[in-house]
Amino acid sequence: MATAGAAPAAGAERAAPGGSGVGTLAEVSVTRLRHVCLASMSGQRTQSVIKTIIRQVGLECAAQGQSHSETLVAFMVKAVVLDPRNDFNMDRILTENDMQDLIQLCVTRLLDTTNPSLSTIKMQVYFDMNYVNRDELLSEQKRVLEGKLAPVVRAITESGPHAQENMENVYQKIVTYALLSSGLGSPTDIEAIRESVFPQTEMSTFISLSKKDKEQQLKNLAVVVSGIRLYNKQCQKGGSSIDDLPDILNEAIPLATQTLDERLHSCQLLAHRYTALLESMLEKPQRHSQLGSLKLKEALFNVRQYEAFLCILQSGIITSAREVESLNVQFEAAMMVLKNTVEDKTSIEFKEVFPLFMELSNLWTSFQDEMLLLSFLTNMADDLQQFLEIQSQLFPEEMLTSLLEGVTVKSDEERMKETMGTKVNVSDFKNQEWLFPETTDNFDQLLIQYHGFCAHSIGVKGITLQGNPAIGILKHKEKYYVFSSKEAAYLFAQNPDKFIQLNVEKAKQYAELIQLLELHHQFEYLVPHAQARNASRSSLKPPRKHDSGTQTDTHILPPTIVRSYEWNEWELRRKAIKLANLRRKLTHSTQTDLSHMRRENFTQVYLPKDASTQTKRDNSCNVPKPQIFLKGLRGGPSPTTHLVTVDLTRPLDET
């Protein structure tokens, strides 16, 4: 497993052992960016536009002779969109002109090799893609080793009863597996196996085992063989090809620690100088014209980020040093017990000595793990050096010396000593909660915001000053803030939300501050790089499948069932009769005067029912319609009109 290689070229990112490739993280960055700059567009069109922008930026950079990964390009596009000075409105759809402006701004920033901000962003992308913690690195190493040995294991465990020549072939593969899995030397050294651990006469028994049992036997065999070879090396009876890992680690760890300490001191000195120059610009406005063109803030953020990453690597090396110290003691004790058990004995039970060999082998495996971790951490530290080269180019020693004439340079320790005696007066604040070391449990374990930098100086001065917890830690909305001076604490406490927003705006102008100050919670639509890396790596890991089964008790708690309980009434009657045993009992009765001839009486009362009668009958008749006609209304030959009335109405009896 390759833990590190040659330093990558400028703008290139190297994949971590077992980590995801650049393309996968680019897709994650594209997803993040889609939420930032094109929230109003449809999902499919947004993805297409973002990929087009990233591809176009990458092509134009390549045409200028600089090749950058999609991850870096996507991060730079995000930084350009966030910067309020570029005036990109995130609430509207980007026009064609907007996209061209965005592409041009990204290309300009990616080609500006004199800007420390670009080096800081490259450093952040590189570290997030390559750094893994102890457990992840060791588990990945184990997975890679198992993958390399898988064909050999498969050929051994899937073998069945064969002819003699095939049995010899399988036996050679078993020996090869036992030696290769230990990593202790040449696989041709098989004497430790042939003589006592696994003689060839045991092959028939091994072949008859199940596949799962064969795999377990192989693992046990490899561990025991490693223990025997280590014991022989200690007794000077072999093992000349085995490296003395304890001695190598005892020499390498102090050297690596010294190298990191020197690099830390160097970058901290640069940070103190840049901070002093920036403070002189604030105190003396006439110096702004002299230093304003220099990119001091970007350079300060660059060395602060480098310092933060070196501290992470240094912590890992310190942990390894402690582990190695503990392993040395355990290894010497285990070797001494083994010598006392084996010494001056012609024969010994394998049940007595094999566990000791296995313990010795496991301790040596831990030494190998520490060698891997140390190599990984030192290579990471070496690779980070390339991102600090721009400091010597922009600010040579002679130039810095001339700029610092008349300027007092203070280290972080000196600043903390100056403010050590000052504390916030809690009575000056009615609605603010302050924490102090002497009154707070687990004070050192509080999660301080802004990576421990002063919460006031970032947004107001644009510089990163180390906060002093002894002044007091302000608890605001379940978050904790430290300050570089009592005055800064008082100003911040008057209106915390205002200064928090100033810090957010400052991070928008300098995108590298988002990771340096751990401001991901302020940009909820952005996924932290570490989370994106872990998510993508876990998605790329091959799923491990195995059969398993679980047995769940019906009743987890002790049973509380009452066996004598009976719900049936007639069963209870039967038990009562049985309990009374009436066959051997006499029944007595007594009649009293009050109860003589008494019995329970019941009376049925019938309620009256509803009834009705018919008293009259409704009837009707049809009255004839009158029909009367007049004759002679039209006149006649005589001048006198004669009218005749004709009544044609039907009589009533006909109707």
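Student: What makes Phe-629, Val-644, Val-646 and Leu-648 a nonpolar surface patch?

Tutor: Together they make a nonpolar surface patch of about 330 Å². Patch residues have over 30% relative accessible area and no salt bridge, with nonpolar side chains (Val, Leu, Ile, Met, Phe, Trp, Tyr) joined within 5 Å. A salt bridge puts a side-chain nitrogen of Lys or Arg within 4 Å of a carboxyl oxygen of Asp or Glu. Areas are Shrake-Rupley values with a 1.4 Å probe. This is a predicted model: local features need pLDDT of at least 70, side-chain atom pairs count only at pLDDT 80 or more, and totals for chains, interfaces and linings use all residues. Residues are numbered from 1 along each chain as its sequence is written, and side-chain values use heavy atoms, leaving out hydrogens and water.

Student: Why is Val-646 called partly exposed?

Tutor: Its relative accessibility is 34%. Buried means under 20%, exposed over 50%, partly exposed in between. So Val-646 counts as partly exposed.

Student: Why does Leu-373 count as buried?

Tutor: Its relative accessibility is 3%, so Leu-373 counts as buried.

Student: Which residues is Leu-373 in contact with, leaving aside neighbours within four places in sequence?

Tutor: Arg-134, Leu-137, Leu-138 and Ser-320. Contact means heavy atoms within 4.5 Å. Leu-138 is 235 residues from Leu-373 in sequence, yet 8.1 Å away C-alpha to C-alpha.

Student: What makes a nonpolar core?

Tutor: Buried Ala, Val, Leu, Ile, Met, Phe, Trp, Tyr and Cys residues, joined through side-chain atoms within 4.5 Å. The largest has 95 residues; Tyr-274, Leu-313, Leu-384, Trp-434 and Phe-483 touch the most other members. Apart from it lies another core of 26 residues, including Val-49 and Met-129.

Definitions and conventions: Buried means under 20% relative accessible area, exposed over 50%, partly exposed in between (1.4 Å probe, protein chains only). Patches are made of residues with over 30% relative accessible area and no salt bridge: like charges are joined within 9 Å, nonpolar side chains (Val, Leu, Ile, Met, Phe, Trp, Tyr) within 5 Å.
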